[in-house]
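My entries follow in the order in which I looked things up.

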Amino acid sequence: MIHQREIHHILDGYDREKITIATIGSHTALQILKGARDEGLKNLVICKRGAVEVYRQFRLADELIIVENFKQVLEKEFQEGLIERNAILIPHGSFVEYLSPSSIEDKLWVPMFGNRTVLDWESNREKEREWMERADLKLPEEFKHPEDIDRLVMVKFPGAKGGKDYFLARSYDEFERKIKKLQLQDEKFTIQEYVIGTRFYPHYFYSPLTERVELLSMDIRYESNIDGISRLSYILQNSHPEPSFVVTGNCPVVVRELLLPQLLEMGQRIVKASQELFSPGLTGPFCIETVCTEDLEFIAFEISARIVAGTNLYINGSPYSQLLYDEPMSTGRRISREIKDALKQDSLDRIIY
Ligand code: ATP
């Protein structure tokens with residue numbers, strides 16, 4: 001693990017007048033680039049040949065660097081080039097998936113927005129659960145042994161794969177039958193109670209500079225084929241296909257105002273617990289994936305400790321960000337605003353690792 005001190009040493013060599021917001025071309029890159037531009041910061045995007053046209057067409061990047069493979073970002077010369085450009089990398093879901101949490105921890109020398117210690121806490125399901133428990137969130141029940149399955153459960157595999165290969169089971173027999181079909185080799189899995197309710201994915205931002213947790217926006221993920229099955233449930237009654245949970249899009253949503261205090265407190269408690277578990281804790285954007293039950297309780301099943309794709313709905317601001325800011329404030333823009341504020345206060349080291 002590269003020590004924070006070493007990253008800050010690199011950051012000390014940066015020309016503060018020429019900070020460049022950099023990210024890789026996928027996921028929420030357009031939003032991040034626009035956010036930097038709206039805040040008057042230079043920006044650049046690293047993209048694969050096939051995606052160049054997208055980033056050219058929208059003309060949001062000051063510079064476009066083409067790579068054959070995103071792993072190239074980890075090469076020494078490539079990183080030196082980014083450091084020469086005074087680049088601050090903004091991690092997003094695809095960024096972490098393509099480079100891998102361990103490579104980011106051990107091989108990425110370019111200063112990155114946020115606290116990279118969080119990668120270990122969110123990519124390891126046991127640690128993630130410990131974090132959510134410490135924050136006193138309500139969680140779905142977990143079954144250590146498949147023999148104990150006594151209700152509808154979801155079987156999950158490691159890594160953020162957008163629900164790939166997850167399956168549902170109601171009993172030990174069903175579990176055995178389905179897991180055999182996947183022909184896994186010693187793959188770890190988690191058996192979690194399937195919570196029935198409505199899903200909400202609130203997008204938060206924690207600023208260490210103001211010590212405030214902001215609720216910027218919220219979405220519901222559109223998932224295939226489960227969201228298609230629900231439209232045909234009557235017709236498919238006895239013959240429906242195995243449900244899958246592959247993210248295909250995002251829908252905007254707001255919660256009943258009555259539920260906002262619960263959601264705000266959950267965000268605050270996640271930040272507080274992170275500070276206790278891995279100081280200085282979570283910095284910047286994060287999302288808690290939840291299901292709201294008929295008792296109006298939020299059950300949390302995952303944390304994403306960075307900008308999530310659902311924020312792309314709100315490039316011009318959301319119903320919540322409009323109440324917090326008198327200008328269009330996306331999560332991407334909020335990141336650049338934080339960097340600008342830190343530059344003004346000479347505290348970049350508080351938000352970069
Ligand atoms: P990502 O990291 O991209 O969020 P993932 O691969 O870790 O994805 P999850 O987010 O854990 O997957 O789950 C995928 C989907 O499965 C969720 O969006 C939700 O629809 C459903 N889901 C997950 N856990 C539960 C649960 N306990 N009860 C009900 N639905 C669930």
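Entry 1. I looked up the charge above the ring of Trp 121 and found the charged end of Lys 127 over it, 4.7 Å from the ring centre. The model I am reading is predicted. I then noted a second case, in which the charged end of Lys 48 sits over the ring of Tyr 98, at 6.0 Å from its centre.

Entry 2. I returned to Trp 121 and found that it belongs to one aromatic cluster with Trp 131 and Phe 278.

Entry 3. I looked up the aromatic pairs, and the count came to ten. One of them joins Trp 131 and Phe 278 edge-to-face, with 5.2 Å from centre to centre and 90° between the planes. I located Trp 131 in helix H8 (residues 125–134) and Phe 278 in the loop between helix H12 (260–277) and strand S12 (284–292), so this pair ties together parts 147 residues apart in sequence. Are these two residues, Trp 131 and Phe 278, buried or exposed? I recorded both Trp 131 and Phe 278 as buried.

Entry 4. I next examined Tyr 204 and Phe 286, which form a stacked aromatic pair, 4.9 Å from centre to centre with 15° between the planes. The planes count as stacked because the angle between them is under 30 degrees. Tyr 204 lies in strand S9 (residues 198–207) and Phe 286 in strand S12, so the pair ties together parts that are 82 residues apart in sequence. I noted that Tyr 204 and Phe 286 are both buried.

Definitions and conventions
Residues are numbered from 1 along each chain as its sequence is written. This is a predicted model: local features need pLDDT of at least 70, side-chain atom pairs count only at pLDDT 80 or more; totals for chains, interfaces and linings use all residues. Side-chain values use heavy atoms; hydrogens and water are left out. Rings of Phe, Tyr and Trp (its six-membered ring) pair if their centres lie within 6.5 Å; planes under 30 degrees apart count as stacked, over 60 as edge-to-face and the rest as tilted. Helices (H or I, at least four residues) and strands (E, at least two) are DSSP runs, numbered from the N terminus. Buried means under 20% relative accessible area, exposed over 50%, partly exposed in between (1.4 Å probe, protein chains only). A charge sits over a ring if NZ of Lys or CZ of Arg is within 6 Å of the ring centre and within 35 degrees of the ring normal.
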